[in-house]
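Please examine the sequence and the model shown below.

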Amino acid sequence: MSSKRIFLSFPHLGGHEMHWIEEAFKDSWVVPLGPNVDRFEQQLEGYLNCGNVVALSAGTAAIHLGLVMLGVGPGDEVICQSFTFSASANPVKYQGANPVFVDSEPDTWNMSPEALDVAISDRLRITGRLPKAIVVVHLYGMPAKMNEICEIADHYGIPVLEDAAEALGSEYCGRKCGTLGRYGALSFNGNKVITTSGGGALICPSPEAAARVKFLATQARETMPYYFHKVIGYNYRLSNVSAGIGCGQMEVLPERVARRREIHDLYAKHFKDVPEITVHDNPSDEYDSNFWLTTILFDAKAGFTPEELRTHLESFNIESRWLWRPMNMQPVYADAPFYGDGTAEGLFGRGLCLPSGSILTDEDVATVADAVKEFVASRR
Ligand SMILES: *Cc1c(COP(=O)(O)O)cnc(C)c1O
């Protein structure tokens, strides 16, 4: 067993994070909001080539405030991608609304436009109302079929919220993920493409919307000499210290994204002659995933389970992970409607996420690939 553990997605600092943290301490800006938050928001806007980015305490908070801005409330239905992390859907429940889950399609593993279309017309037929919003996810960084999804959404007049938590740097038809829907949510949790040790951002459609999000995220305090509130607020703004980490990370973001893509291509090369293993790839040149995590699928006839391969890798001190267990397979969402043909469930049962952090060396990737290949050969 090798001594050094190879992690799935470990934080990768750039070097200047401490400089910006020290700036915060020097000026006693050890508070929520402050100059680092402003700088971090501007850096994100520059990188994404958009305006109206609001830094928040988490990606989950960004999704929640996106739903609040879209007017999602008690009794509403919200269409959610079923193949995702629970944080994509939980904020629907925070609002007293109900998620309706839609299956994936096999090209991107994201929301199936066909199943979406069926879901919307069926909900309209059953409830007499349209879903209030659509939450689409760019899972593992792979852009969803946004042209098709937005066309359906526009047809019905339903706004789209992108969960781009895993997709910072990914592009679809030459445009950055997170800027393709009405709202876009990003995450800077420790395991994402860049980290603020915990944080997120909401990409808003206008300066007015961004101002409203900032207002809601700072306890919805009206401009009065005393504390005066007309609506329910939240404490969701990013701390100026955390934003300092983000400022340092933004300096190296393009390098980090390039390295994740390089790691994906290395795995693809290692598994090129292994017929049992398929590395999930961009379905066409319209898609440019950041490959936050490189994921593999095993041939349907391969005689092993994700858990057997995961355990084998663990014995080499290599961390890997099952694909996301779809929300329609989660006890907490057992009662939620689901539209699909079991595509995501099928993927879940025959795939794995491999170590993909930008901090990995080429040798680390080779070590992982060799361990996978050895296991596959032992099962032939
Ligand atoms: C990480 C993640 C989130 C939540 O982001 P946090 O910053 O951890 O709150 C939401 N959706 C997806 C798909 C994620 O991977």
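Two strands are taken to pair if DSSP finds at least two bridges between them. Strands are DSSP runs (E, at least two residues), numbered from the N terminus. The model is a predicted one, in which local features need pLDDT of at least 70 and side-chain atom pairs count only at pLDDT 80 or more, whereas totals for chains, interfaces and linings use all residues. Residues are numbered from 1 along each chain as its sequence is written, and side-chain values use heavy atoms, with hydrogens and water left out.

With strand β3 (residues 98–102), β2 pairs in the parallel sense over five bridges, and Val78 stands opposite Pro99 in β3. Strand β4 (residues 133–137) also runs parallel to β2, joined by three bridges; here Ile79 stands opposite Ile134.

Five of the five residues of β2 are buried (under 20% relative accessible area, with a 1.4 Å probe and protein chains only). Glu77, Ile79 and Gln81 point one way from the strand, while Val78 and Cys80 point the other way, and all are buried.

In general, the strands of a sheet pair through backbone hydrogen bonds, either parallel or antiparallel. Two bridges join β6 (residues 171–172) to β7 in antiparallel fashion, and Glu171 stands opposite Lys176 in β7.

Key. Helix = DSSP H or I, 4+ residues; strand = E, 2+ residues; numbered from the N terminus. Buried < 20%, exposed > 50% of the residue type's maximum accessible area, 1.4 Å probe, protein only.
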